[in-house]
Structure formats: structure tokens, C-alpha cells
Amino acid sequence: MRAVLQTVKEASVTINGEIVGAIDRGYLLYLGVGPNDTKEEVARLWTKIRKLRVFMDSEGKTNLDLAAVQGNVLLVSQFTLYASIKKGNRPSFATAAPPAWAEELYNEMVTLVKADLPDVQTGRFGADMLVSSVNDGPFTLWIDTAEL
């Protein structure tokens with residue numbers, strides 16, 4: 001499982017001209033699912049993300065986690081995190097999970113995040129989305145459960 005985490009001052013997802021999810025300060029979290037990923041990896045990934053100290057304290061050091069800043073999460077499915085560009089110029093997505101399995105694990109992540117936070121917003125799995133954000137920092141992390 002792969003994630004790209006960005007700290008944001010605000011972020012939103014628009015589908016067909018309608019804003020379907022929007023947050024103020026927190027994480028814009030893109031989630032990609034591989035074919036061998038499991039629900040256990042979802043839990044491990046969220047536990048790690050939830051505890052990351054990436055927000056600035058009063059001294060300008062990254063000492064604060066999401067709860068400390070009362071942050072929110074906007075979670076967006078992003079199968080392109082499994083793109084391969086080794087051959088040719090068109091990305092291959094053969095290493096991404098099949099859509100049904102990816103959606104199940106994406107929904108599992110949504111459930112876990114909602115259990116911990118009062119305001120969790122999402123995109124829509126499989127939809128063509130416009131994602132807007134105002135990055136804070138900017139601070140962006142690429143996380144792969146194979147490396148946790």
C-alpha cells in the first residue's frame with residue numbers, strides 16, 4: 001500500500017462541478033492499493049500516519065501530530081501511485097490492485113480514519129476528480145507499507 005501525505009491549510013475534491021469533500025488544516029492523503037495489500041496493512045499505515053509529528057510547534061519544529069493541531073483528513077483514492085514507467089512513455093498500472101479489492105481497502109481506511117477523527121472527508125472511488133489544496137510547508141511524504 002502506498003500513500004502520499006501532504007500537510008495542508010485547506011483542500012477539496014470536486015466532481016462534476018460539485019465539491020464532495022473539503023477540509024481546513026490537516027492532511028490531504030492519497031491512497032494507492034497494491035494487489036497483495038491487506039486490511040492489516042491498512043491499519044498499520046493509518047497508525048503510522050496518525051502518529052506522525054509533522055506539524056510545526058511554537059518553536060518551528062515538527063513536533064505536533066494531527067490530533068495536537070485538531071487536524072482533519074481528506075482521503076483520495078489514487079491508483080496511479082502504482083504506475084510503472086520502466087517501459088515506453090505510457091504508464092502501466094498492472095501492479096495496482098484490481099478495482100474491487102482496492103475499493104474495499106480504501107473503504108477500510110476511511111472507516112479507520114473516521115473512528116479516530118471527527119471530520120473526515122473523501123473523494124469518490126473511481127471518479128474523475130479535481131483536487132485542490134493549499135499546501136502547508138510544503139510538507140509531503142511518500143509512504144509505502146513495504147518500508148514500514
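In which strand does Tyr27 lie? Tyr27 lies in strand β3, residues 26-32; strands here are DSSP runs of E of at least two residues, helices are runs of H or I of at least four, and both are numbered from the N terminus.

Before I continue, a word on the source. This is a predicted model, in which local features need pLDDT of at least 70 and side-chain atom pairs count only at pLDDT 80 or more, while totals for chains, interfaces and linings use all residues. Residues are numbered from 1 along each chain as its sequence is written, and side-chain values use heavy atoms, with hydrogens and water left out.

Let me turn to the chain as a whole. The protein chain has two helices and eight strands, and from the N terminus on the order is β-β-β-α-β-β-β-α-β-β. A compact globule of 148 residues would have a radius of gyration near 15 Å, and the protein chain agrees, with 15 Å. That radius is taken over C-alpha atoms, and the globule rule is 2.2 Å times the number of residues to the power 0.38. Along its principal axes, the C-alpha trace spans about 45 × 40 × 30 Å.

Buried residues, meaning those under 20% relative accessible area with a 1.4 Å probe and protein chains only, make up 40% of the 148 residues. Among contacts (heavy atoms within 4.5 Å) with a separation of 6 or more, 73% join residues 24 or more positions apart.

I now return to Tyr27. Tyr27 is buried, with a relative accessible area of 0%. Leaving aside neighbours within four places in sequence, its contacts include Leu5, Gln6, Ile49, Phe55 and Leu74. Beyond its own neighbours within four places, Gln6 is in contact with residues including Tyr27, Tyr30, Ser133 and Phe139.

Finally, the helices. The axes of α1 (residues 39-51) and α2 (residues 99-116) come within 10 Å and cross at roughly 40°. That makes α1 oblique to α2, since angles under 35 degrees count as roughly parallel, over 145 as roughly antiparallel, 65 to 115 as roughly perpendicular and the rest as oblique. Axes are lines fitted to C-alpha atoms, for helices over the stretch in contact, and angles run from 0 to 180 degrees between N-to-C directions. On the α1 side the contact includes Val42, Leu45 and Trp46, and on the α2 side Leu105, Met109 and Leu112.

Note on methods. Buried < 20%, exposed > 50% of the residue type's maximum accessible area, 1.4 Å probe, protein only.
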